[in-house]
Number of protein chains: 2
Amino acid sequence: MKLYFNPASPYVRKVMITAIETGLDGRIQQIPTAVTPVKPNPDVAKDNPLMKVPTLVTDDGFALYDSRVICEYLDSQHAGTPLIPRSGPDRWRARRWEAMADGITDAGLLCRYETIVRPEDKRSEEWTRGQMTKVIQGLDMAEHDSALLTGPINLGQIALACSIGWLEFRDVAGDIRKTRPKLASWYERFSSRPSMQATKPFQM
Amino acid sequence: MKLYFNPASPYVRKVMITAIETGLDGRIQQIPTAVTPVKPNPDVAKDNPLMKVPTLVTDDGFALYDSRVICEYLDSQHAGTPLIPRSGPDRWRARRWEAMADGITDAGLLCRYETIVRPEDKRSEEWTRGQMTKVIQGLDMAEHDSALLTGPINLGQIALACSIGWLEFRDVAGDIRKTRPKLASWYERFSSRPSMQATKPFQM
């Protein structure tokens, strides 16, 4: 399998953690890729017209995106405990948390894009404030969800860890952990996993 | 089930079409809801800190989001032919197309937000051009995917129809159908479904 890869992307990290946790990382060849919303990348466009990372090309040459689809695909390709529970409330909890964490990351990305891809006079404080409210409220919800923070690893937790890791890496939302002690202690424990250690974000 | 609902939202429409196609629409109570990225909505925040529609509250009082999670949930609650094929290439094709269509819609929404939530002097042509490229390339891919346009209904098709319907409703990307005859003819046929007719977008 071939993965359009960038070590700074929270969604690429989600895929790589999923690959490591399911024992599939050895089958993935990483293609270093830089994308930005304001500059087309024709190489990625060949496999994904949205020109986003992660994009996975399977051994059959079929292109998969986005991170949710790729993670679900990887989770169907191994025999261990599924990272997306197969049914019941645990499934919907994991799915809901993946969507929440992705939503936090998306809002954080829009805050960051506001400063990095726009000249200063085109930035809107109102827009950034609106997106930041989503980030803050989402993280506050995680702080109060003990089922999330004590249950076994699932894709919702992986997505949340990638979101926190990226927000801190880019310093988007200030000190996340200070006012959220339960989330902070969960994140510290979760970060000690080899899959988290092997995928620490950096600027390529 | 309770659905935070807005008749202009392409993602709400995706959920409602899925509900109708699976025979579950009679169990959904619609809560008319207006959201915008620049103004918090405390009512929605109680169930979804991201303050987005669609948000579904199940009969057990569990809140689900976003549209992908809700549609997957609904598809698990009926006995008919699944809208997300259970396994194999058909599953990944449907999943991939759902992600592509959602990506087109997201890019289109960012183009629209650029004009409706920002004062004129804060708008970036470069940003809009970058997002519009994704819309155009995604639609062009659909035009050339005969498996998508001839196969039986699935969630990928539903998402694509919602994307096209919304782009036309908001006049975001000009005349989509003119240069894409195969997509246009598929969309015309698909639009005759009762689920499409019952969910035509309008401004609340």
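Let's start with two helices of chain A: α1 (residues 10-21) and α3 (residues 67-75) pack with their axes 9 Å apart, at an angle of about 5°. (Axes are lines fitted to C-alpha atoms, for helices over the stretch in contact, and angles run from 0 to 180 degrees between N-to-C directions.) Since angles under 35 degrees count as roughly parallel, α1(A) is roughly parallel to α3(A). This is a predicted model, where local features need pLDDT of at least 70, side-chain atom pairs count only at pLDDT 80 or more, and totals for chains, interfaces and linings use all residues. Residues are numbered from 1 along each chain as its sequence is written, while chains are lettered from A and ligands numbered from 1 in the order in which they are written.

Who meets whom here? On the α1(A) side you'll find A:Tyr11, A:Lys14, A:Val15, A:Thr18 and A:Ala19, and they meet A:Ser67, A:Ile70, A:Cys71, A:Leu74 and A:Asp75 in α3(A). Being in contact means that C-beta atoms, placed from the backbone, lie within 7 Å.

Now for the strands of chain A. Four of them, in the order β2-β1-β3-β4, form an open sheet with mixed pairing; strands pair if DSSP finds at least two bridges between them. At the edges sit β2 (29-32) and β4 (63-64) of chain A, each pairing on one side only. Strand β1 (residues 2-5) of chain A runs parallel to β2(A), joined by 4 bridges. For instance, A:Lys2 has A:Gln29 in β2(A) as its bridge partner.

Finally, look across to the other chain: 36 residues of chain B are in contact with 37 residues of chain A. On the chain B side, α5(B) gives the most, with 10 residues. Helices (H or I, at least four residues) and strands (E, at least two) are DSSP runs, numbered from the N terminus.

Key
Two residues are in contact if their C-beta atoms, placed from the backbone, lie within 7 Å. Angles under 35 degrees count as roughly parallel, over 145 as roughly antiparallel, 65 to 115 as roughly perpendicular and the rest as oblique.
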